Every structure is written in C-alpha cells, then in structure tokens.
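Visitor: I am new to this entry. Could you walk me through it, one feature at a time?

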Amino acid sequence: MPVVAVVDDVPEILTLMEEVLTDAGYRVVTGTNAGDVGGILACQNLVLLILDVRLPGGVTGLALLRAIREKPETANLPILVATADLTFLRENAGALKSLGYETLPKPFDSDALLDCVASLLPVAECEEPCSPLPPSDQSA
Amino acid sequence: MDGEQREPESLVNMRTHLTVLTLAVGQLRRRHGKTDDIERLCAFADAAIQQLKADITDVEAMLFQSESREQSHMTHLRLRQSVTADSRKQETGPLGLPPDVQHGRTS
C-alpha cells in the first residue's frame with residue numbers, strides 16, 4: 001500500500017495530520033526530527049513526504065531539502081514543505097521551485113492538506129476514493 | 001542562501017498553534033459534527049480561528065512596517081554619513097590635508 005510520510009516536531013500537528021490522512025484512506029508513517037528523515041526515506045512504497053523545515057536533531061532547512069534531492073532514490077519523490085516559517089518560504093521560493101518542492105504554509109486546514117496531497121499523487125496511489133470519512137452516526 | 005533569516009519565534013508559534021486548532025476542529029466536525037452541541041462549539045472555534053488569522057495578518061503588517069521604517073532609517077543614516085564624509089574630504093582635500101596645505105599654499 002502506498003505510504004505518505006509526515007515529519008513535524010509538534011506532536012499535536014503530527015497526530016492530527018496522521019488522523020486526517022488516515023481517515024482519507026492513506027497509510028501514514030511519521031517522524032519528529034531531522035534524524036528520522038533518513039529512515040523514512042528508506043521506507044518501502046513511500047509516495048509522498050510532508051516535511052516541516054524547522055526540525056530539531058540534525059541538518060534542517062534548505063540544507064536538508066537539498067540533501068534529499070541529491071540522493072538518486074529520492075531525487076523525484078514528491079515532497080510537500082509544510083511550515084509556519086513564511087519568511088523561509090518567501091526567501092527560498094526560487095530554490096524550492098528549482099528543487100521541485102511544493103509548499104503548504106501554516107496555518108492550513110484539513111481540506112487544504114488533502115487537496116495538496118491529492119494534487120501531488122497520481123490517482124492510482126490512493127486505493128480508496130480519497131474523500132473524507134463520513135461523520136460517525138451519533139444516533140447509532 | 002543557507003544563511004536563512006528567521007521570523008520572530010512567537011509569530012511562527014502562533015501559526016503553528018493555529019494549525020493545531022484548525023485541524024482539531026476539522027477532525028471534530030468530520031468525526032462527530034452531527035451533534036448540535038458539537039456543531040455549536042465548532043462554530044465558536046471557527047470564529048476564533050478567523051479572528052486569530054486576522055490578528056496574525058495584523059502582526060505581519062506591523063512587522064513589515066517596522067522593518068521598512070528601520071531600513072529607511074538606515075539608508076538615511078548611511079546617506080548622511082556619506083555626505084558628511086564627502087564634505088570632510090572637501091574640507092581637507094583628497095589626501096586628508098587642508099586644501100591650502102595640499103596645494104602648497106601654506107603661509
């Protein structure tokens with residue numbers, strides 16, 4: 001099953017993004033720091049990486065993004081940079097574009113997240129129709 | 001390029017906390033939104049989220065204005081320093097000596 005990876009150092013964001021994506025039919029793996037990225041990139045069936053750029057524990061920011069692209073096996077992996085550092089996005093817009101990164105500035109809602117993810121994945125990557133789960137029936 | 005400028009930590013944190021709130025309300029509504037009470041409380045949270053977004057935009061505008069003012073002040077200072085240095089040069093001549101000394105007109 002195709003895997004979407006999320007790396008963010010804020011546990012609440014990580015949990016919520018995992019919930020939103022899982023509810024939409026994706027299989028999700030998570031990491032909390034820059035050191036986790038290497039292991040995640042080696043993950044089988046990885047089809048998308050959603051990455052914060054301000055991470056503890058190692059190379060971060062543009063250096064991390066460049067390092068990912070330098071690896072032949074991840075040179076073409078779709079990557080979504082989700083960050084609250086809008087200055088970073090603004091000042092590195094050219095570099096991010098040339099490296100082929102998409103961006104999702106915080107704050108974002110679940111619809112924006114799902115739209116972004118869907119736009120980065122070929123239709124076949126999502127096994128189930130990628131629509132949100134219906135709300136649970138409270139009367140049951 | 002790697003000398004990345006950083007935004008004020010508090011502003012980045014505000015956006016992060018707002019993301020948590022937005023995603024949490026979204027999940028609450030997606031999973032349990034049929035209950036009237038939950039919908040009513042989510043509506044309060046939605047209103048607060050919109051207000052916080054507007055507040056953040058205001059803070060960003062204030063920061064931008066303050067940075068622009070600082071830049072304009074620095075440009076003005078540099079201009080003044082350069083004018084002062086030029087006028088000193090004129091007073092002293094290119095070699096740093098008074099013009100009459102420079103041109104051998106000492107008496």
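Guide: Start with A:Pro107. A:Pro107 sits in the loop between β5 and α6 (110-120) of chain A. Helices (H or I, at least four residues) and strands (E, at least two) are DSSP runs, numbered from the N terminus. The peptide bond leading from A:Lys106 to A:Pro107 is cis, and its omega is near 5 degrees.

Visitor: What kind of model is this?

Guide: It is a predicted model: local features need pLDDT of at least 70, side-chain atom pairs count only at pLDDT 80 or more, and totals for chains, interfaces and linings use all residues. Residues are numbered from 1 along each chain as its sequence is written, chains are lettered from A and ligands numbered from 1 in the order in which they are written, and side-chain values use heavy atoms, with hydrogens and water left out.

Visitor: What average pLDDT does chain A have?

Guide: pLDDT is the predictor's confidence in each residue, from 0 to 100. Chain A has an average of 87, and 87% of its residues score at least 70. Over residues 129-140 of chain A, the pLDDT is below 50. In the model, this stretch still has 22 contacts (heavy atoms within 4.5 Å) beyond near neighbours in sequence. Where pLDDT is low, the predicted coordinates should not be read in detail.

Visitor: In what order do the strands of the chain A sheet lie?

Guide: Two strands pair if DSSP finds at least two bridges between them. In chain A, 5 strands make an open sheet, ordered β2-β1-β3-β4-β5, with parallel pairing. At the edges are β2 (27-31) and β5 (102-105) of chain A, each pairing on one side only. On average, neighbouring strands of this sheet are turned by 20 degrees against each other, direction ignored.

Visitor: Which residues are bridge partners?

Guide: Take two pairs of strands. β1(A) pairs with β2(A) in the parallel sense over 5 bridges. There, A:Val6 has A:Thr30 of β2(A) as its bridge partner. β4 (residues 79-83) of chain A also pairs in the parallel sense with β5(A), over 4 bridges.

Visitor: Is β1(A) buried or exposed?

Guide: Buried means under 20% relative accessible area, exposed over 50%, partly exposed in between (1.4 Å probe, protein chains only). In β1(A), 5 of the 5 residues are buried, so this strand is largely enclosed by the rest of the structure. In a regular strand the side chains alternate between the two faces of the sheet. β1(A) is covered on both faces: buried A:Val3, A:Ala5 and A:Val7 lie on one side, and buried A:Val4 and A:Val6 on the other.

Visitor: Which helices lie across these strands?

Guide: Angles run from 0 to 180 degrees between N-to-C directions; axes are lines fitted to C-alpha atoms, for helices over the stretch in contact. Helix α1 (residues 11-23) of chain A lies across β1 (3-7), β2 and β3 (46-51) of that chain, at about 170 degrees to β2(A). Helix α2 (residues 34-41) of chain A lies across β1, β2 and β3 too, at about 170 degrees to β3(A).

Visitor: How many helices and strands does chain B have?

Guide: Chain B has 3 helices and 0 strands. Its elements run α-α-α from the N terminus on. Of its 107 residues, 19% count as buried. B:Ser66 lies in helix α2 (residues 36-92) of chain B. B:Ser66 counts as partly exposed because its relative accessibility is 33%. The C-alpha atoms of B:Ser66 and B:Leu11 are separated by 15 Å, at 55 residues apart along the chain.

Visitor: At what angle do α1(A) and α1(B) pack?

Guide: α1(A) packs against helix α1 (residues 9-32) of chain B at about 35 degrees, with the axes 9 Å apart. From α1(A), the contact residues include A:Leu16 and A:Val20. From α1(B), they include B:Val20 and B:Leu23. By class, this contact has 7 nonpolar residues (Ala, Val, Leu, Ile, Met, Phe, Trp, Tyr, Cys and Pro), 4 charged (Asp, Glu, Lys and Arg) and 3 polar (the others, Gly among them).
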